[in-house]
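Subject: Handover of a structure for your review

Dear colleague,

Please find below the structure that I am passing on to you. I would be grateful if you could read the notes that follow with the model open beside them.

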Amino acid sequence: MQINAAGCHYRTLNQQIKDAVKRGEKSIELLNVNGQRYIGDGISGETKIIINGVPGNDLGAFMSGPTIIVNTFAQDGVANTMNDGKIVIKGHAGDVLGYGMRGGKLFVKGDVGYRVGIHMKEYEDKIPVIITGGRAGDFFGEYMAGGILILLNLNNEKPERAVGSYLATGMHGGVIYIRGDIDKYQLGEGVGIVELKEADNIVLNKLISEFCKDLNIDTKSVFNKPFKKLIPVSKRPYEKLYAY
Amino acid sequence: MKPGILSPYCEKDISACGLTGIISKKGRKIKGEVIIKSISCMDERGNGLGGGFAAYGIYPDYKNHYALHIMYNDKKSIPVTEEYLREAVRIAHQEEIPTRKVKAIVNPPYFMRYFVNPPVEIHEYMAHESEELREDNYIVKTVMHINSEIPGAFVVSSGKNMGAFKGVGFAYQIADFFMLENYEGYIWTAHNRFPTNTPGWWGGAHPFTLLDWSIVHNGEISSYGINKRYLEMFGYKCTLLTDTEVVTYMLDLLIRRHGLPIKLACSALASPFWKDIKRMDEGGKKLMTALRMVYGSALLNGPFAILFAHSKGLVGLSDRVKLRPLVAGEKDDMVYMASEESAITAICPNPDKVYRPDAGEPVIVELEKQN
């Protein structure tokens, strides 16, 4: 089914989406979206939502299961505290993506902004994944507690700067893979760069193949450059901060 | 659909300010409807306690006069102010700023505009004699006098061929009130306010202006006290109860009075961290160290994204760690900057280029030809 979002307040639009999901619609296409917030928030099930236009902030927050495809680009706060499902953005996206994300996948073809993947966490088989095709701003993976963050640094206008400063500051769980170089000054406290093992390559291969398939990217163009792996050196980086 | 499809549910939303700006680099006139459409996409970022617009190029008939937009909270302050103005400046023309009744706006203040020039003797001695007698400084003094000494009267804007229109309401309601569809300008900025720790009153709405500077701001200047005390040393009086006011005066001080290039002034407001200065080349290191030493009190602390406009251009700047959003877009000779990309696509569906400037990295746009 299709919903025309032109001139529609976000609550009216989101109510229509929720009603459609409740009725068991398998595919919902939104037309003329421009700035409506909270699309797909808190919905669960198997629905696929295709968005034409620019979705507003907090797209897919608390979502648990459905798939969202954004044909253009997205703003801030995508996949905020998302629980399960998948969001694929065919352009760039803004700041604070995947904040506190607990499961599911977020794929962004282009660049992303500041504070992406902060506070991500995992529990048993719930492992959230964010893959970014372009570059990222400062605070990438800040306070990360779990999950997988992958930065591909493709088609970057500033290739010397795949990622910003304060990279993974306070990280105490999960793993970050970055294609390209990282300068020591960019690295946050308590993070270490380690060699990739065979297991890492298996994970990367699987996830990046899925990413490339969803976004029509040649997989070979991704693996022509080595990856860096970042992990926390401590489970409690600030344990002794106030204890001296 | 009415611009500003504000919630049929009308209750308080958690939000933050929204801002947007447009400039035609060729100086082509843009209709008021365009900026209204853009800001109305971000009603959600305001809460109806402040909205406003700045427009450049709107008074071609009086383009060599300072256009004083004055807000009177109290009609009694009108004769007092006008008596002062007649003494202080030469008034070429004065008129009521046209407004219409808008249901959502109750009890608005009264608005007048005066097209003025400093007295003739100011012209004659001007810059050579003393800073005080420079024509623009004289106007600044006049503005400061009205704002601080005449109860109930506030100068909303004081630049040439430009004006600010602001008040308590959503931006689209303020636009309706001031009938902004009747204006055309080559630069527009707009703001939807969500006041957090300062009052939502007519003078506290954005933009904040002085001469031809106008600022719209999303965020909070935690260094307000330091900035204010520093500005007071140079004769600026902060009277409008809102942190953004200091940004306006700081830019006036750094750029107009101290002659800093815009980019350097931005580096004083959002200066690079010492850790980043350490990595610069010798020249950069020296410059930034000097800038931080001299203008330490001009540093803006706290989250912010601002747009500042002046008669020759538009500048966007965010704080050093990007705690507030800012997006820029381009199409032909038009440049757009806004808190959200949807505010750009609302008026320019297919921009040639969209980008998100880095923290503290100003987007500086200048007019191609003198207007």
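Two strands are said to pair if DSSP finds at least two bridges between them. By that rule, strand 4 (residues 66–72) and strand 7 of chain B pair in the antiparallel sense, over four bridges. Within this pairing, H69(B) stands opposite S157(B) of strand 7. Strand 7 of chain B covers residues 153–157 and is mostly covered, since five of its five residues are buried. Please bear in mind throughout that this is a predicted model.

Chain B as a whole

Chain B contains eleven helices and 18 strands. For its 371 residues, a compact globule would have a radius of gyration near 21 Å, and the value for chain B, 20 Å, agrees with this. The C-alpha trace of chain B spans about 60 × 60 × 40 Å along its principal axes. Of the 371 residues, 51% count as buried. If one takes the contacts in chain B between residues at least 6 apart in sequence, 75% join residues at least 24 apart.

A five-stranded sheet in chain B

Chain B also holds an open sheet of five strands in the order 11-12-13-14-18, with antiparallel pairing. Its edge strands are strand 11 (208–210) and strand 18 (363–366), each of which pairs on one side only. On average, neighbouring strands of this sheet are turned by 15° against each other, direction ignored. Within the sheet, strand 12 (residues 213–219) and strand 13 (residues 304–310) of chain B run antiparallel and are joined by six bridges. One residue pair to inspect there is V216(B) with its bridge partner L307(B) in strand 13. Helix 7 (residues 244–257) of chain B packs on the sheet and touches strand 11, strand 12 and strand 13. The direction of helix 7 makes about 140° with that of strand 12 of chain B.

The contact between the chains

Chain A contributes 18 residues to the contact and chain B 21 residues. The side of chain A that touches chain B comprises four nonpolar, nine polar and five charged residues.

One residue of chain A

K225(A) lies in the loop between helix 3 (219–222) and strand 11 (227–232) of chain A. Is K225(A) buried or exposed? K225(A) counts as exposed because it has 12 C-beta neighbours inside 10 Å, and a residue is exposed at 12 or fewer. Leaving aside residues up to four places away in sequence, K225(A) touches R179(A) and G180(A). From G173(A), K225(A) is 52 residues apart in sequence and 25 Å apart in space, C-alpha to C-alpha.

With kind regards

Terms used. Residues are numbered from 1 along each chain as its sequence is written. Chains are lettered from A and ligands numbered from 1 in the order in which they are written. This is a predicted model: local features need pLDDT of at least 70, side-chain atom pairs count only at pLDDT 80 or more; totals for chains, interfaces and linings use all residues. Helices (H or I, at least four residues) and strands (E, at least two) are DSSP runs, numbered from the N terminus. A residue is buried if 20 or more other C-beta atoms lie within 10 Å of its own, exposed if 12 or fewer, and partly exposed in between; C-beta atoms are placed from the backbone. Two residues are in contact if their C-beta atoms, placed from the backbone, lie within 7 Å. Ala, Val, Leu, Ile, Met, Phe, Trp, Tyr, Cys and Pro count as nonpolar, Asp, Glu, Lys and Arg as charged, and the others, Gly among them, as polar. The radius of gyration is taken over C-alpha atoms; the globule rule is 2.2 Å times the number of residues to the power 0.38. Axes are lines fitted to C-alpha atoms, for helices over the stretch in contact, and angles run from 0 to 180 degrees between N-to-C directions.
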